[in-house]
Amino acid sequence: MYKEFFGFREAPFAIEPNPRFILLSEEHQEALATLVYALEQREGWALLVGYPGVGKTTLVIALLRELADQ
């Protein structure tokens, strides 16, 4: 219903976030940079925790997209 009302060509809201529609807050950008750094250093480990709905899955999708670009 909202898709037609706003003139969207595809649904931007789904159970799993679409990487094309990800908009990261400043905190999310910092967390993403930390995860990228942890993976690039290949030392130790990193843990991503948070309450439901804070964007953990979105961050992992953004991380995979970032790593695919490299």
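These legends accompany several views of a predicted model of one protein chain.

**View 1**
The protein chain has 3 helices and 0 strands. Read along the sequence, its pattern is α-α-α. The C-alpha trace spans about 50 × 30 × 20 Å along its principal axes. The radius of gyration is 15 Å, whereas a compact globule of 70 residues would have one near 11 Å. Among contacts with a separation of 6 or more, 56% join residues 24 or more positions apart.

**View 2**
Of the 70 residues, 13% count as buried. The chain has 6 positive and 10 negative side chains. How far apart do the centres of the two sets lie? The distance is 10 Å.

Helix α3 covers residues 56–69, which makes 14 residues. From its first C-alpha to its last it reaches 20 Å. That is close to the 20 Å expected at 1.5 Å a residue. Which residues of α3 are buried? They are Leu59, Ile61, Ala62 and Leu63. An α-helix has 3.6 residues a turn, so residues three or four places apart point the same way. The cover over the buried residues of α3 includes α2, residues 26–41.

**View 1. Arginine 42 sits in a loop with a positive phi.**
Arginine 42 lies in the loop between α2 and α3. Its phi is near 55 degrees. This is a positive value in a residue other than glycine. Is arginine 42 buried or exposed? Arginine 42 counts as exposed because its relative accessibility is 75%, and the cut-off for exposed is over 50%.

**View 2. Leucine 47 is an exposed loop residue.**
Leucine 47 is also found in the loop between α2 and α3. Its relative accessibility is 63%, so leucine 47 counts as exposed. Now look across to arginine 65. Leucine 47 and arginine 65 are 18 residues apart in sequence. In space, they are 19 Å apart, C-alpha to C-alpha.

Glutamate 16 lies in the loop between α1, residues 2–6, and α2. It has a relative accessible area of 58%, so glutamate 16 is exposed. Threonine 57 is 41 residues away from glutamate 16 along the chain.

**View 3. Alanine 11 has contacts within the chain.**
Alanine 11 has its place in the loop between α1 and α2. Its relative accessible area is 40%, so alanine 11 is partly exposed. Which residues does alanine 11 contact, leaving aside its neighbours within four places in sequence? They are Tyr2, Lys3 and Phe21. Compare the position of threonine 57. Alanine 11 and threonine 57 are 46 residues apart in sequence. Their C-alpha atoms are 18 Å apart in space.

Methods. Residues numbered from 1 in each chain as written. Predicted model: local features only at pLDDT ≥ 70, side-chain atom pairs only at ≥ 80, totals over all residues. Heavy atoms only, no water. Helix = DSSP H or I, 4+ residues; strand = E, 2+ residues; numbered from the N terminus. Rg over C-alpha atoms; globule rule 2.2 N^0.38 Å. Buried < 20%, exposed > 50% of the residue type's maximum accessible area, 1.4 Å probe, protein only. Contact = heavy atoms within 4.5 Å. Lys, Arg positive; Asp, Glu negative; His and termini not counted. Charge placed at Lys NZ, Arg CZ, Asp CG, Glu CD. Expected span 1.5 Å × (residues − 1).
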